[in-house]
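Please keep the sequence and the structure in view while reading.

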Amino acid sequence: MSVVTKKIDWQGEELCLETGLLARQADGSVVLSIGETMILATVVAKKDIDPKVDFLPLSVDYKEYYASTGKIPGGFFKRDGRLNEHEILTSRIVDRSLRPLFPEDYHGDVQVILSLISNDRQEQPDALACVAASAALAVSDIPFPEPVSTVRVAYIDDAFVINPKKSQMEGVTLDLIVAGTMDSIVMVEGEMREVSEEIMLESLQCAHEAIKRLNALQLELKAEAGKPTREYPKPEENTALRDRLAAASYARLTDIARAALPKKERLKKIDELFKEVAPTLLEGVAEAELETVTRRLKEYYFDLQSRVCRELILNENRRLDGRQTHEIRPIWCRTGYLPRAHGSAIFTRGETQSLTTVTLGSKLDEQTIDYATEEGTKKFMLQYIFPPYSTGEVKPLRSPGRREIGHGNLAERALKNMIPEDNEYTLRVVSEILESNGSSSMATVCAGSLALMDAGINIKAPVSGIAMGLIVDGNRFAVLSDILGDEDHLGDMDFKVTGTARGITACQMDIKVRGLSFEIMAQALAQAKAGREYILGEMLKTLSAPKTEISPYAPRLLRFTIPSDTIGAVIGTGGKVIQEIQRTTETDISIDEENGVGVVVIASPNSAALDAAYQRIMGIVTPPEVGKIYSAVVKNVRDAGAYLEFMPGKEGWLHVSEVSNERIPTMLDVVKPGDRLEVMYLGLDPKNNKQRLSLKAVTGGRTVERAERVHERYERDGERAERTTERTERITEYGEGDRRGGDRRGGDRRGGDRRGGGGHRR
């Protein structure tokens with residue numbers, strides 16, 4: 001067994017890549033370790049390639065096992081299940097970093113599996129997963145020409161920090177994961193707190209310097225442990241067929257592209273043109289080759305569409321819908337469209353439309369997070385839905401796919417830092433894409449911002465978003481604002497940027513070309529800023545500030561504090577008391593202990609219900625006042641007295657002797673359950689720990705002064721009881737031996753001197 005290890009000093013720790021020890025039957029496997037964090041990366045590719053497949057069937061799965069942090073999974077089955085959202089997002093980051101670097105003509109099935117097998121809960125493994133995956137590809141025989149690495153870069157206290165620990169992430173201004181090769185950036189994902197374009201660009205440059213070191217380490221590993229790259233079948237080029245297709249279609253495709261037609265009409269004409277020219281081009285093809293040649297013809301036709309679109313932009317500064325490179329599609333917005341939703345907005349830009357809702361909830365609606373490396377709760381959630389009708393397709397409705405989860409996460413990161421810190425509500429934002437022709441995630445950001453303001457959430461600033469594209473041909477390039485779906489597919493970059501008037505709040509960038517200069521990125525950021533500002537201006541024409549009132553259907557929240565030692569009384573045994581209050585008042589109540597006090601939050605759209613629940617709780621936590629008269633309800637009757645609820649959640653004992661100055665044989669003849677009586681509170685009787693009540697004190701048999709004297713007597717009785725308890729404890733402490741003999745520490749109380757048990761009492 002040959003084990004190869006390469007190490008590097010990484011941010012003050014040793015980062016190690018090791019191959020040849022684990023998973024040796026995979027085409028490539030590497031264990032990345034730093035401190036107590038370890039990631040096992042394996043890669044396998046099928047040897048047989050389906051000639052009908054014209055894309056790269058790459059799958060990436062990143063899994064954080066609970067055992068890696070010494071945890072047992074929750075749930076009934078107690079086993080690691082399907083990927084959670086955090087794992088899916090990490091898988092997407094790795095996929096988007098690796099995919100552009102495979103050879104364009106390689107279409108073999110490739111599976112990358114990443115397993116977090118150890119973690120100290122301080123190292124953030126999502127920024128290291130791609131390094132492990134790329135290293136596994138580097139030592140395999142799978143065609144993968146150059147390494148790629150990811151790093152996290154954070155802006156902390158006006159300085160950039162590479163791969164910070166979790167404990168350093170509180171309040172960071174910028175948090176990016178950046179992927180790159182030796183000469184270029186290929187992927188960016190992250191969030192910011194309204195940073196400038198200059199800081200954004202500096203962070204990418206800082207990250208790239210660190211990326212180069214990790215790539216160099218992979219090259220060292222490959223040089224010593226790498227396998228020769230396998231051969232794979234490459235499609236034969238049919239130059240004659242390509243030329244004939246161009247001669248028959250190029251000019252007419254250019255005319256269609258110049259016509260600035262709507263998406264569906266343009267696609268229809270493009271499809272009709274292919275159906276017209278294809279039969280002529282396929283004449284004379286043998287039956288055995290017809291399927292292969294037809295498939296090749298479709299590939300060439302797609303390439304020709306791309307060429308027409310790109311040349312139109314570079315040569316004429318003209319796009320498929322007639323816009324110039326910097327222009328934004330027409331925008332219209334509307335808020336308050338749904339009467340029962342707590343907040344709603346429609347945002348339409350060209351042929352892309354989002355209907356977004358906001359729902360307000362209480363603390364009980366927070367999402368519980370229970371991952372292997374993280375646990376807690378989440379009170380701001382944004383979910384993105386992409387139904388098939390948005391693109392005129394027929395598909396079965398299923399649970400959200402990775403793309404939907406990724407787009408929703410980007411929009412959530414764009415908006416979450418704009419939620420005020422003192423917001424008490426749990427917020428759920430849902431964006432349903434009703435039409436799609438590019439930039440639907442950015443439409444979600446815009447609609448989400450408007451819907452939050454429509455819901456009366458006092459966000460720090462409204463946020464807009466834009467998707468930027470790029471066309472590169474040698475030394476010529478064009479940066480496109482607000483790209484269409486076709487421009488995303490046919491172009492060289494998809495760069496989404498969101499922000500307020502003050503700065504950037506989130507971004508996501510995927511680049512399909514290598515060697516993209518920082519000068520082009522700077523131009524893209526500057527053009528994106530102008531586009532964001534224009535879109536924001538159009539949004540604010542519809543709603544310029546958050547509404548001052550929330551929806552009448554939204555819950556109202558009442559927050560107050562109670563003494564921490566009363567929390568148990570409010571909750572009750574097994575939650576009995578608080579559940580009964582919630583049931584009878586139709587409210588939602590949450591209680592937490594913060595800074596030594598109990599924090600209570602009551603939620604209900606009904607103000608009367610809020611007040612009723614508040615009064616019930618205050619009745620429990622507020623001590624009764626001696627000598628005060630209370631209206632009480634009889635709950636239970638005994639021969640010697642009755643139990644009365646004289647305050648919410650508080651019961652007192654009315655002894656039969658406190659009913660009248662006249663002797664009453666039994667309480668059963670006086671009252672019955674449900675009767676209401678005016679009684680005076682006498683205090684807590686320490687002998688039986690009962691709250692004592694008096695009826696005759698109200699009817700004239702006693703006075704308030706008499707009640708206070710009774711209470712003083714109870715207090716004296718309590719003090720005597722405490723002294724007796726203390727004396728008993730002392731005797732117990734010193735009398736653990738044989739109490740019938742010896743000194744005070746273990747003497748016989750019937751003999752000896754005072755030190756030996758107190759002497760004989762006779």
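**Helix H2 and the wider chain**

The buried residues of helix H2 are Ala-129, Cys-130, Val-131, Ala-132, Ala-133, Ser-134, Ala-135, Ala-136, Leu-137, Ala-138 and Val-139. Because 11 of the 11 residues of H2 (residues 129–139) are buried, this helix is largely enclosed by the rest of the structure. The model is a predicted one.

**Overall form**

- The chain holds 14 helices and 29 strands.
- Its radius of gyration is 37 Å, well over the 27 Å that the globule rule gives for 762 residues, so the chain is more spread out than a compact globule.
- Along the principal axes, the C-alpha atoms fill a box of roughly 125 × 65 × 55 Å.
- Of the contacts between residues at least 6 apart in sequence, 67% join residues at least 24 apart.

**Surface and charge**

- Of the 762 residues in the chain, 52% are buried.
- The accessible surface of the chain amounts to about 36900 Å², and carbon and sulfur atoms account for 49% of this surface.

**Helix H8**

- Helix H8 spans residues 440–454 and has 15 residues.
- From its first C-alpha to its last, H8 reaches 20 Å, close to the 21 Å expected at 1.5 Å a residue.
- H8 is mostly covered, with 15 of its 15 residues buried.
- Gly-456 follows H8 and has a positive phi, near 85°.

**Helix H5**

- Helix H5 covers residues 263–281, and its 19 residues reach 27 Å from the first C-alpha to the last, close to the 27 Å expected at 1.5 Å a residue.
- Buried in H5 are Lys-263, Arg-266, Ile-270, Leu-273, Phe-274, Val-277, Ala-278 and Leu-281.
- In an α-helix there are 3.6 residues a turn, so residues three or four places apart point the same way.
- The cover over the buried residues of H5 includes helix H4 (239–258), helix H6 (290–316) and helix H9 (485–490).

**His-407**

- His-407 belongs to helix H7 (residues 402–416).
- Because its relative accessible area is 9%, under the 20% cut-off, His-407 counts as buried.
- Leaving aside residues up to four places away in sequence, His-407 touches Arg-92, Tyr-384, Ser-440, Ser-441 and Lys-496.
- From C-alpha to C-alpha, His-407 and Thr-584 lie 42 Å apart in space, and 177 residues separate them in sequence.

**Positive phi in residues other than glycine**

- Lys-78 is a residue other than glycine with a positive phi, near 55°.
- Lys-78 sits in the loop between strand S5 (58–64) and helix H1 (85–98).
- With a relative accessible area of 48%, Lys-78 is partly exposed.
- Asp-157, likewise not a glycine, has a positive phi near 50°.
- The loop that holds Asp-157 runs between strand S7 (149–156) and strand S8 (159–162).
- Asp-157 counts as exposed because its relative accessibility is 73%, and the cut-off for exposed is over 50%.

Technical notes: Residues are numbered from 1 along each chain as its sequence is written. This is a predicted model: local features need pLDDT of at least 70, side-chain atom pairs count only at pLDDT 80 or more; totals for chains, interfaces and linings use all residues. Side-chain values use heavy atoms; hydrogens and water are left out. Helices (H or I, at least four residues) and strands (E, at least two) are DSSP runs, numbered from the N terminus. The radius of gyration is taken over C-alpha atoms; the globule rule is 2.2 Å times the number of residues to the power 0.38. Buried means under 20% relative accessible area, exposed over 50%, partly exposed in between (1.4 Å probe, protein chains only). Contact means heavy atoms within 4.5 Å. Accessible areas come from the Shrake-Rupley method with a 1.4 Å probe; for residues, only the protein chains shown count as cover. The expected span of a helix is 1.5 Å times one less than its number of residues.
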